[in-house]
Amino acid sequence: MWEALGWGTVAASSLVIGAVLGLARQWKPSQIGVVLGFGAGALVSSISFELFQEGFVKGGPLPLAFGLVAGALAFFFADRGVERLGGRMGAGSAGLPLALGALLDGIPEQAVLGLGIAQGQGVSIALLVAIFVSNLPESIGSSTDMKAAGSSPRRIITLWTVVAAACTLATLGGYAISRITAERFEAAVDGFAAGALLVMLVGSMIPEATEKAKDKAGLAAVLGFAVAAGLSGIS
């Protein structure tokens, strides 16, 4: 359990680090786009080699497919709810949708970290790197927006600390689930995380990376994929 808590904290810490970086300096859109592209490529690799592959081996195609659909639908409707919330709150919501989006992204992917640790596989370095890197642009962008809207640094850091804590607890949740459930359910959880992340990638992360970094986003994504794939092979 302590190992899951420790690695979960490491993965989620980039949310707070990104918030601090967003407050410390001005970031060009192209810089954020390159980081988004790298993170997107790393997540694609983790979905392919960590979530989908391991889920298929654990439980076969049916639980994995069920989890994929459930995760995709859950993220889609939750994300729409966040967008509507931001629209109703207007300018006062600056940065909040990004923070809630990071929470939606972080819970399933960090739960998978806990699953792997509970099964005695150790931490997946590739997934850890993918989570860590993909968190940075969201928290940098959110803290920048909140700062521009007049929010105090203390409020910004507090918000992202709460989001990071919730994501860390999701790692413990994944650890606990693995201790009391069968492999088919674990395969469904892998599928759920993969489905949620795929919707997030195609719907927001990749388009935003392309918008901000133009053609550099594709190169950054390939680099992120290569790094995560190499780490996955090593681990």
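Modeller: The following dialogue takes up the features of this structure in turn. Please keep in mind that the model is predicted.

Biologist: How many helices and how many strands are there in the protein chain?

Modeller: One starts with the elements of the fold. The protein chain has 8 helices and 0 strands. Read along the sequence, the pattern is α-α-α-α-α-α-α-α.

Biologist: What share of the contacts with a separation of 6 or more joins residues 24 or more positions apart?

Modeller: Such residues account for 87% of those contacts in the protein chain. Ala 74 and Val 199 are 125 residues apart along the chain, while their C-alpha atoms are separated by 9.8 Å. Ala 74 is found in helix α3, which covers residues 61–89. Ala 74 counts as partly exposed because its relative accessibility is 34%, between the limits of 20% and 50%.

Biologist: What percentage of the residues in the protein chain is buried?

Modeller: A residue is called buried when its relative accessible area is under 20%. Buried residues make up 45% of the 235 residues in the protein chain.

Biologist: Which residues have the most contacts inside the largest nonpolar core?

Modeller: One looks for buried nonpolar residues joined through their side chains. The largest core has 29 residues, and those with the most contacts inside it are Leu 43, Leu 51, Leu 113, Met 200, Leu 201 and Met 205. Helices α2 (29–59), α4, α5 (125–148), α7 (183–213) and α8 (216–234) each supply at least two residues of this core. Helix α7 gives the most, with 9 residues. A second, separate core has 12 residues, among them Leu 15, Ala 19, Ala 99 and Ala 102.

Biologist: Which residues does Leu 201 touch, not counting those up to four places away in sequence?

Modeller: Leu 201 touches Ala 40, Leu 43, Val 44, Ile 47, Ile 206 and Pro 207.

Biologist: Where is Ser 139 placed, and with which residues is Ser 139 in contact?

Modeller: The place of Ser 139 is in helix α5. Ser 139 is buried, as its relative accessible area is 0%. A polar atom of its side chain lies 3.2 Å from the backbone oxygen of Leu 136. Beyond neighbours within four places in sequence, Ser 139 is in contact with Ser 14, Leu 15, Gly 18, Ala 19 and Trp 160.

Biologist: How many salt bridges does the structure hold?

Modeller: The structure holds 1 salt bridge. Lys 212 forms a salt bridge with Glu 208, and the closest N and O atoms are 3.9 Å apart. Both residues lie in helix α7, 4 residues apart, which is about one turn of the helix. Lys 212 is partly exposed, with a relative accessible area of 27%, and Glu 208 counts as partly exposed at 28%.

Biologist: What is the value of phi at Lys 214?

Modeller: Most residues other than glycine have a negative phi. Phi of Lys 214, however, is near 55°, a positive value in a residue other than glycine. Lys 214 is placed in the loop between α7 and α8. Lys 214 counts as exposed because its relative accessibility is 55%, and the limit for this class is over 50%.

Notes
Residues numbered from 1 in each chain as written. Predicted model: local features only at pLDDT ≥ 70, side-chain atom pairs only at ≥ 80, totals over all residues. Heavy atoms only, no water. Buried < 20%, exposed > 50% of the residue type's maximum accessible area, 1.4 Å probe, protein only. Core = buried A, V, L, I, M, F, W, Y, C linked by side-chain atoms within 4.5 Å. Contact = heavy atoms within 4.5 Å. Salt bridge = Lys/Arg side-chain N within 4 Å of Asp/Glu carboxyl O. Polar contact = N/O pair within 3.5 Å; in protein donor to acceptor, adjacent residues only side chain to side chain.
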